[in-house]
Amino acid sequence: MNIIHEILRKHWGYESFRPCQEDIITSILNGNDTLGLLPTGGGKSITFQVPALVFDGLTIVITPLISLMKDQVDNLRQLGIKAVYIHSGLTKSEHRLAIDKCRLGKVKLLYLSPEKLQSTSMINYLRLMDVKLIVVDEAHCISQWGYDFRPSYLNINTIRKLFPVAPILALTASATPEVVDDIMSKLEFRQRNIFAKSFSRNNLSYLVREGEHKEGQLIKILKATSGSAIVYVRSRRRTREIAEILYKEGISADFYHAGLASEDKNEKQNKWKSDQCRVMVATNAFGMGIDKPNVRTVIHYDLPSSLEEYYQEAGRAGRDGKPAFAVLLVAKYDKATLSRRISEKFPDKDFIKRVYDLLGNFLEVAIGSGYNQVYEFNFNLFCKRFNLPPISTHSALKILSQAQYIDFIEEINTSSRTMVLLNKEELYSLKLEPNIDNVFQSLLRSYSGLFADYVFINEMLLANRLNCSEQNIYNALLALTRLHAIHYVPRKSSPYIVYTTSRELPKHILLPKDIYEHQRDRLIKRIEAMKRFAFTNDECRVNSMLQYFGELPTASCGKCDYCREAKKHSSSTTETERLRESIIYMASQPDGHKISHFISHANASQYDTIDMIRTLLDEGVIKIINDDTIVIAH
């Protein structure tokens with residue numbers, strides 16, 4: 001057994017790699033720039049985590065998903081693999097501690113948010129590190145042809161130039177041929193090198209169900225199926241409403257969206273992952289990085305804006321390889337809803353400039369200042385104060401990010417964390433009030449590793465153990481922080497704005513065609529492709545999707561709703577032909593047979609038999625003699 005198999009077995013307990021994984025790993029270890037196209041659930045993280053343990057230096061993983069970054073680092077630590085992450089939501093001391101660990105070679109993987117690459121100080125820190133591999137996760141974000149372009153990803157070339165020998169691994173679950181080419185171009189691949197697993201999932205049946213009453217269809221589907229399920233909607237409010245409807249129907253359901261507190265998210269995820277809750281009704285914030293192999297059904301109550309999004313979300317069903325269903329509920333009004341997203345995603349340019357100007361006023365950033373500064377940002381308060389429509393305002397901020405005037409970071413949702421600053425000898429001389437001392441002692445008993453690193457803590461847990469309120473715990477931890485005994489970072493859920501240039505006057509804000517008009521045209525094409533998939537019933541659903549992703553299908557899937565209907569029709573046609581032949585055979589017998597004989601011996605319903613007799617009479621194949629006897633017409 002070679003080293004990569006030993007690592008796989010030791011840390012993950014697997015005897016063999018999934019398709020494409022070993023090929024990608026071998027390519028990287030040979031020093032080749034590599035693009036891995038692996039579908040959702042295909043095991044992308046293994047392809048860089050295993051080589052990271054082979055290399056004697058540091059692996060940098062660039063990912064835009066802070067929640068996924070945190071989950072992967074936590075999972076790696078549980079496996080005994082040393083990893084850290086750096087993003088804009090960390091305190092200065094947390095940031096410094098992570099940098100020191102990387103610089104001193106104490107960790108194998110550094111997860112980095114792309115906006116950190118815009119920082120000169122971060123680049124200078126990276127110069128001091130022994131980087132052996134650069135990983136770009138969600139690599140479609142680097143392509144302006146992709147559905148989720150992030151301009152901060154364009155700074156990856158900066159880090160590549162620092163470490164020209166280190167191979168680069170780009171990973172994504174869904175990309176069209178033009179996006180694939182753009183990824184390799186933007187990352188300056190030394191040679192074209194792609195490992196792709198087919199986008200086809202043989203165990204997954206794609207079904208489209210049409211009807212205006214979606215709630216009834218949803219209930220019917222969930223009652224007719226079993227096992228864990230996800231229901232995707234596009235509104236936070238609807239997650240709760242639909243979960244309550246399902247619960248009233250006797251279906252175990254909960255809801256999830258990005259606006260929940262991190263403790264609530266973790267609790268809901270854990271209940272769903274442990275099968276205490278069957279159905280999770282969620283926005284697209286749910287599912288990324290959640291490894292639950294036995295999801296039997298994914299239902300889209302609302303349509304995504306692109307086949308890339310749909311493929312990724314639907315692909316969370318059946319990761320264990322067993323039969324699973326991806327069901328898309330469509331109604332006539334969905335066409336208009338999809339079309340409306342174009343104006344929502346690309347509001348008028350004057351509106352975008354106005355949002356930029358109001359943002360500076362809201363954050364109290366003077367004209368000409370703010371460069372490289374990070375500001376906490378209350379999006380809801382911003383919209384309320386200036387009476388702005390939330391959906392269009394959100395899109396405006398995203399476009400301003402793509403135009404590189406700001407970075408709008410909206411998913412930072414951090415749990416409380418703390419680290420002990422004193423050494424054990426200093427603790428003995430620390431004089432504390434009894435209530436503060438009780439909290440401190442409970443903290444030390446409840447969590448390990450506090451002297452070496454920041455540890456996530458739960459104030460509610462401490463409060464329950466001490467039989468006091470969470471506010472008392474909070475006050476005690478703040479008091480300990482003021483005494484420099486610990487550093488306590490309370491939990492928070494807040495978006496951030498990073499000014500990537502100094503604040504400009506609105507008239508100087510330029511929105512280039514490749515950011516606005518071209519991206520708008522591409523959205524229109526993606527929405528038209530989604531409409532075709534959802535509302536056209538003239539080909540295999542899987543083949544339609546494979547063609548979109550640049551594959552040439554060799555046969556129909558046989559399992560989607562179109563293929564099932566085609567089989568039914570084919571079966572019906574075969575039965576019709578058999579009935580026709582049977583009637584002709586009986587009519588060809590000497591003297592023929594009476595009509596009653598045909599009805600009783602044709603192995604078909606009376607209606608179908610009489611209907612076929614009429615057809616054959618009209619065609620002149622048979623004739624009636626003596627009023628009730630059928631014979632062949634010669």
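Visitor: What covers the buried residues of α13?
Guide: This is a predicted model, in which local features need pLDDT of at least 70, side-chain atom pairs count only at pLDDT 80 or more, and totals for chains, interfaces and linings use all residues. Residues are numbered from 1 along each chain as its sequence is written, and side-chain values use heavy atoms, with hydrogens and water left out. Helices (H or I, at least four residues) and strands (E, at least two) are DSSP runs numbered from the N terminus. Judged by contact, meaning heavy atoms within 4.5 Å, the cover of the buried residues of α13 includes α9 (214-224), β13 (324-330) and α21 (517-535).

Visitor: Which residues of α13 are buried, and where do they lie around the helix axis?
Guide: Buried means under 20% relative accessible area, exposed over 50%, and partly exposed in between, with a 1.4 Å probe and protein chains only. By that criterion the buried residues of α13 are Asp 334, Leu 338, Arg 341 and Ile 342. Taking the directions from the helix axis to the C-beta atoms, the buried residues of α13 fall within an arc of 115°, so they line one face of the helix.

Visitor: Why does Thr 393 count as buried, and which residues does Thr 393 touch?
Guide: Thr 393 is found in helix α16 (residues 390-402), and Thr 393 counts as buried because its relative accessibility is 0%. Leaving aside residues up to four places away in sequence, Thr 393 touches Phe 351, Val 355, Phe 379, Phe 382, Cys 383 and Leu 388.

Visitor: What share of the 634 residues in the chain is buried?
Guide: The chain has 25 helices and 24 strands. Across the 634 residues of the chain, the buried share is 51%.
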